Amino acid sequence: MRAVVFSRYGDESVLELVRRPAPAPADGEVLVEVRAAGVNPVDWKHREGAVRSDRPFPLGMGWDVAGVVRATVPGGPAVGEDVYGMLPLPYGGAYQELAVLPAAAVAPMPARLTYARAAAVPLAALTAWQALEAAGTRSGTRVLVHAGAGGVGHFAVQFARHLGARVSATASARNLDFLRRLGVDEPIDRAAGGGTAGAAHDGAFDVVLDTVGGPVQHASWRLLRPGGTLVTLPEPVDEAHRLPGVTARRVIVTPDGEALRRIGALVDAGAVHVEVQSALPLEQAAEAHRVSREGRVRGKLVLTL
């Protein structure tokens, strides 16, 4: 099978399109013929060495898949069924023609989505879903999502609205109308706020979802009211900036086929929009990483097979 791998850590030039033996599913796993694979920031962080595994080189790439079941388990999806799902971190293996996933990590593909758009969902949508759940988001909660037009962000703002929260989100000026179309109550130009929501929002939020890290995490503490919750995704909580009365935790996404079923139902009901900026062929994996690394992606990038 064709597969994108890398044999040393480095920039996108280390990616290679090679031929590898097809993987064999272990107990509890399904074999999926991959039709599309999502691209996430964790992909290039893995390639650069910031996210590592205990497996030897060459290493596979990617965690999001959408495709067709070719081998299954008792009680699992049917052979020939269209599914989507997320491989468990940190072992990549989505940028290839066949992938193995735990049966519990896949769900029926939403009927209204193409393979390319379905592959944009799992890791980013599950991250947003699990982060909002960890923060106890509910009706009436005032939520701020940093980088609300990005992969995780554009799902988070929609899920928060579905839960009945009042949603604010930061984005570049060019994406503010996009946020309004997603139902964001208060789109915030991050440039006007010095990269975050600005001093006018100090103490305004019950929940802040930090999808960026670094200075954005540091500035997020003061945006929370006493008793509020900061959820950080790309890096651990920086204790040097902790403020009293604010709860903070990091969420690392885990596969969850049942949650993907529920997310798929929202997609099919028209309650959640899946934004794909570009769908590139597998051969252009390096280009997809380059674009993702620049950090200006609206929604998601996808590789098609």
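Proline 90 sits in the loop between β6 (82-86) and β7 (98-102). Strands here are DSSP runs of E with at least two residues and helices are runs of H or I with at least four, numbered from the N terminus. This is a predicted model, where local features need pLDDT of at least 70, side-chain atom pairs count only at pLDDT 80 or more, and totals for chains, interfaces and linings use all residues. Residues are numbered from 1 along each chain as its sequence is written, and side-chain values use heavy atoms, leaving out hydrogens and water.

Another proline to look at is proline 58, in the loop between α1 (41-48) and β4 (59-60).

| Peptide bond | Form | Omega |
|---|---|---|
| phenylalanine 57 to proline 58 | cis | near -5° |
| leucine 89 to proline 90 | cis | near 5° |

Most peptide bonds are trans, and most residues other than glycine have a negative phi. Alanine 147, though, has a positive phi, near 55°. You'll find alanine 147 in the loop between β9 (142-145) and α4 (151-162). With 18% relative accessibility, alanine 147 counts as buried, meaning under 20% relative accessible area with a 1.4 Å probe, protein chains only.

Now for the cores. A nonpolar core is a set of buried Ala, Val, Leu, Ile, Met, Phe, Trp, Tyr and Cys residues joined through side-chain atoms within 4.5 Å. The largest has 85 residues, and those touching the most other members are Tyr84, Tyr95, Val121, Phe155, Phe159, Ile263 and Leu303. Helix α3 (residues 122-134) gives this core its largest share, eight residues. Another core lies apart from it, with twelve residues including Trp221 and Leu230.

Notes: Buried < 20%, exposed > 50% of the residue type's maximum accessible area, 1.4 Å probe, protein only.
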